Structures are given as structure tokens and as C-alpha cells.
Amino acid sequence: MKAGTVAAITAAIPAGDVRSAPPTLVARFGSATIKAGTRSLDLPIWGYDGESPGRPLFVNQGGIIDLSLSNQLLEDTSIHWHGIRTPNKMDGVPFVTQKAVPPGGHFQYRFACEDAGTYWYHPHANSAEQIGRGLFGPLIVWEEKPLPVDRELVWMVADWLIGKDDKVSHNYAQMHDNSHAGRFGNLITVNGQHRPAIDAQPGERIRLRIINAASARILSFDFPGLSGWWIALDGQPIQPRGLGGNPLYIPPGGRADLVLDVPIEAKSGAVFGVADATYRNQRNKLASFRISGKQVRSTALAAPKKMADNPHSQPILDGANLKTVTFEGGAMGGLRSAMLDDKQMPLRQLAGKGVVWATNGKIWSSLEEIARQDKLFNLDLGKTYVFRLQNKTAFPHPIHLHGHSFQVIAVNGKKKAVPEWRDTVLVFPDEKVDIAFVADNPGDWLMHCHVLGHVTAGMIAAVRVG
Ligand SMILES: [Cu+2]
């Protein structure tokens, strides 16, 4: 290989089509051993095939996911394929798009992966607890023309709330958490390991795919000593953006891909730490790269080029239909009352029922009610919509729309020069974020906050397309 060039992907992760992998994902009990400093924690978890994260699913763009979910839990479950567009009946939302999969039951998921990028899978039943206990895994769809790198890594980040007794706390319906910023863990893991050290070679170019599977924690990565570019957000390619500058927030549910270049002159034994720097006075070490082996190249590589867009319908903003979505409630939010299903109730009474977040003044009490009642909006198939997401609460909310990617076109009325595609957008308190999309995927689709405790406490609605 000529210095300064990279021939092709040589993946450290198993290559191939998901069809060659075992065709069943078993949701079941398992256990994980996490080494944290001198402690070795044995945590009971719920995981796919008993593992957390579940095994990464790899598929080529245009390839088929064809998997049976087998439920060996003691409660209903399902799989939602977060971020990738699927037909409605494959979206994995009990009552809304399919019957829940009962204990001992199965469900066959089969769909073509039109969109390349970094996605993930998780249940959409009792989400705060099922995802919180470890049911999640990566779904990676390789581009037809992958970006040339030496190695690809997938980092699925989660956090666990560990008590003084070294046991996991399992209270997933705590009103204090659910009415504030959500349930935060105190032990962060990357692929189920605490602060893993990854060997890397001088001059190596790595594509890193980050998936935030935490229940509430927002991530912003800092890579001191490494250079690189963000190349995709929520699986959708962006114009490569150099590291440094403003923090790039990856909210719960969100993903970010980047290209990292290990310095050519890095000495064997050198360590490059990777940290999360989202929260004030809190710098969380997440992982590190440890230099070993021989220099991969002697000349720096050029910046990566933007990858090809996925085949989304381009919104036509001229004459687009504007819908305002106002989120209210929670602690310190000033919400006085809201409709719970068909009854107007004061906040105190709502809180007594475990729900405190309203979408356009309304709370649906369950997925059954979302399926049964009128939707938040009925959208015409094929038309462009602009949703103005207004956060009138005291907390940030990552708003996730099912079945579509959308373009973030403006924040607080300020137009984005280059709109980027997302499926989960972080909306800060008092912020107004305009997203645009073509309602081109027929069916009933959830729109909800991805802070899982907020979902438990009512921050979930659905739109009907077609
Ligand atoms: Cu929220």
C-alpha cells in the first residue's frame, strides 16, 4: 500500500451480510461482568441472546434484515429499529404497529435496508426498564462505497445505576427522575465495558460509530491529541466537520460517526484518552486508545469526503404545511393541567398517575390509547411538513420521529445554511427547532422524547401518515 492512502475497509468487526448470522435474537436474562477500577461487578441484565449490547447486525445497503425475535422474558416485548426507515408493520411498537410479543412468543422482522448508516435496535415495550436493563444492540448498514479506513469500530454507550452494595438499582419509574432530566447511571460503559483500552497503531485511520443507548445521559465526545472529522449524524452523511469547536451533543437515541486519525508520530505505549464533557464539573473518561504496533503510514491522509446521501425524499419548503408541537410539563415547567386521554386534569392529579409531560396539551396514557385515539396529527401522504418543536419545559428533550428522517432547517427562527438529516433532535429549554420532512411512509408513527423516563411519564404521541 502506498503511503498516504488507504485501500479499503479492513474491518476488525465481522464482515458479511446479516443473513449469514443466526436468524434469531433471543430476548432473555443474562449477566454481565464489568470491571470498574478494583471492583468487579456482576450485574444481572436483560439482553439479546443474554448479552448487552446485543450482537451488532451488519448488512449491506439494500440488503435484508430477516430475523425472528424470540421472547424469553417474563413480560411482553418487541424490537424497534431506531432510525432506519422500515414499513410500518416492522416498526416494532406494540398496539400501534404490531401485537406485543408475549413471553414464549416470536415475531418475524423482515425489511430491506435502503438507508446506509449507524442505527440500533431496542424494545418499544416498557422501554425505560427493558432498555435500562440492557436490551439494545447496533444495526450497521454498510454503504455501497464505504469510506476508506483501516478499521471500523462501533461503540455503544450506556450507563448503569449502581448502588453502594455494587448492585444495580432497578427503580425505573421514579417520579423524581421522570419529572426532571431522567434516570442517570453512575457507571458508563462502552460495549459493556468500563473504560476499555483499545490498541491502535500510529497513523491508523479509524471509523468510529457511536451509539448513545443511555436512558437520559447526553454525550459529547472529546478526543484530546487525536484529529478527526464528524462524518454522519443519526446515520445520515454530513459535510465532514473537524473535531474541536462547539461540542457535538449526542443525545439518548442519537448516533454519530467520525473518522479518527491516530498521530503518525505517536510513540508505542502512548495513551489517548476519550472523555465525555457534556456536564459541567463532570468529565467522564469513556475509553482510551493505547498505541502499539508499527506505523501504518508516513504521510497524513487528506480529510474524508462527504458520503452519498441516503435516498430520502427532499422536503419542498415552499408551501409546506407548518405544525406546531409544544412540549410542556415536568418539574419547574409551569404546566397547570393537561388532557389525560379524554379528561382534563391538574398537574398534581397527573403526577399522581405518573405522567407529567404534555404534547400540545395532551397526554396519552399508554400505547393502547395512542393506537385507539385520534393521533396528534393526520398527515397527507407525499406532502412536506414542517414541525416546529417548542420546548416550554426546564429540561432538554431529544425528540425522535419514527418511520422518517427529517431535516433540521431552523433553530429559534434562524435558518440552517446546510440542513442536516436526523431522526432524533435535541431541543433545549425555550428552544424552537423546525424540522422538515416528506410524509412518504404510510402508517401510524410515534414521535417521542428519547429520555426513557420522560416516555414513561407521558412524553409520547403519534402521527398518522396517509
Ligand atoms: Cu424528554
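Guide: Go ahead. This is a predicted model, and it holds 15 aromatic pairs.

Visitor: How is the pair of F58 and W142 arranged, in distance and angle?
Guide: F58 and W142 are stacked, with 5.0 Å centre to centre and 10 degrees between the planes.

Visitor: Where in the chain do the two sit?
Guide: F58 is in strand β3 (residues 57–60) and W142 is in strand β8 (residues 137–142). They are 84 residues apart, and the pair links distant parts of the chain.

Visitor: Why does F58 count as buried?
Guide: Buried means under 20% relative accessible area. F58 has 5% relative accessibility, so F58 counts as buried. W142 is buried too, with a relative accessible area of 8%.

Visitor: Which residues form the aromatic cluster?
Guide: Y48, W81, F107, Y109, F111 and Y121 form one cluster.

Visitor: New topic. What are the protein donors of the copper ion?
Guide: The donors are H397 through ND1, C449 through SG and H454 through ND1, lying 2.0 to 2.1 Å from the copper ion. Along the chain, the donors follow the spacing H-x51-C-x4-H.

Visitor: Are C449 and H454 buried or exposed?
Guide: Both C449 and H454 are buried.

Visitor: And where is S365 found?
Guide: S365 is in the loop between β24 (362–363) and α4 (367–372). S365 is partly exposed, with a relative accessible area of 41%.

Visitor: What does S365 touch, leaving out residues up to four places away in sequence?
Guide: S365 touches L340 and D341. The side chains of S365 and D341 are joined by a polar contact of 2.5 Å.

Note on methods
Residues numbered from 1 in each chain as written. Predicted model: local features only at pLDDT ≥ 70, side-chain atom pairs only at ≥ 80, totals over all residues. Heavy atoms only, no water. Donors = N, O, S within 2.8 Å, 3.2 Å for Na, K, Ca; no water. Buried < 20%, exposed > 50% of the residue type's maximum accessible area, 1.4 Å probe, protein only. Phe/Tyr/Trp six-rings, centres within 6.5 Å; stacked < 30°, edge-to-face > 60°. Helix = DSSP H or I, 4+ residues; strand = E, 2+ residues; numbered from the N terminus. Contact = heavy atoms within 4.5 Å. Polar contact = N/O pair within 3.5 Å; in protein donor to acceptor, adjacent residues only side chain to side chain.
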